[in-house]
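Me: I would like to go through this model by question and answer. Please keep to side-chain packing and strand pairing.

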Amino acid sequence: MLRPFHAPATPYGPGHRGVDLAAPAGAPVLAAADGTVTFTGQVADRQVVTLSHAGGIRTTYEPVTPTVGTGRAVTRGTPIATLTPGHEGCPTTCLHWGAHRTTPKAGRTYLDPLRLLSATRVRLLPTGPPG
């Protein structure tokens, strides 16, 4: 990971609304979970793929060249794009992976996408006696 998630304090405040993951240009980008492709196209100056998942969660992947079309159902691990150079702020080619949940009451809440990979809390436990 080149840059971690940093939630914005307000919807339009500063922060990093995803994680940047190092990978070579041309690497396959895989769906993080089962879902439906809800957007493929250009946002600002780069191509993006957006997936909608259960529970109102959406994940975004950029900069990429999409290999799937809008409306397609995908399962976890399905190739959805190939990585392209161009994400500003990365010293090498990297994937910006973002996630958010939108609800009527809270609006859009940005999530750390790495937390979506595990249903349980990660803990470090000692492997032996202290000292």
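Me: How many aromatic pairs does a search of the whole structure find?
Reply: This is a predicted model, where local features need pLDDT of at least 70, side-chain atom pairs count only at pLDDT 80 or more, and totals for chains, interfaces and linings use all residues. Residues are numbered from 1 along each chain as its sequence is written, and side-chain values use heavy atoms, without hydrogens and water. Rings of Phe, Tyr and Trp (its six-membered ring) pair if their centres lie within 6.5 Å; planes under 30 degrees apart count as stacked, over 60 as edge-to-face and the rest as tilted. By that rule, the number of aromatic pairs found is one.

Me: Which residues form the aromatic pair, and at what angle between the planes?
Reply: The pair links strand β5 (residues 57-62) with strand β9, 36 residues apart; strands (E, at least two residues) are DSSP runs, numbered from the N terminus. The rings are stacked at 6.4 Å centre to centre. They belong to Tyr 61 and Trp 97, with 20° between the planes.

Me: Is Tyr 61 buried or exposed?
Reply: Buried means under 20% relative accessible area, exposed over 50%, partly exposed in between (1.4 Å probe, protein chains only). Tyr 61 has 2% relative accessibility, so Tyr 61 counts as buried.

Me: In β8, which residue is the bridge partner of Pro 66?
Reply: Two strands pair if DSSP finds at least two bridges between them. β6 and β8 pair in the antiparallel sense over three bridges. In β8, the partner of Pro 66 is Ala 81.

Methods
Helices (H or I, at least four residues) and strands (E, at least two) are DSSP runs, numbered from the N terminus.
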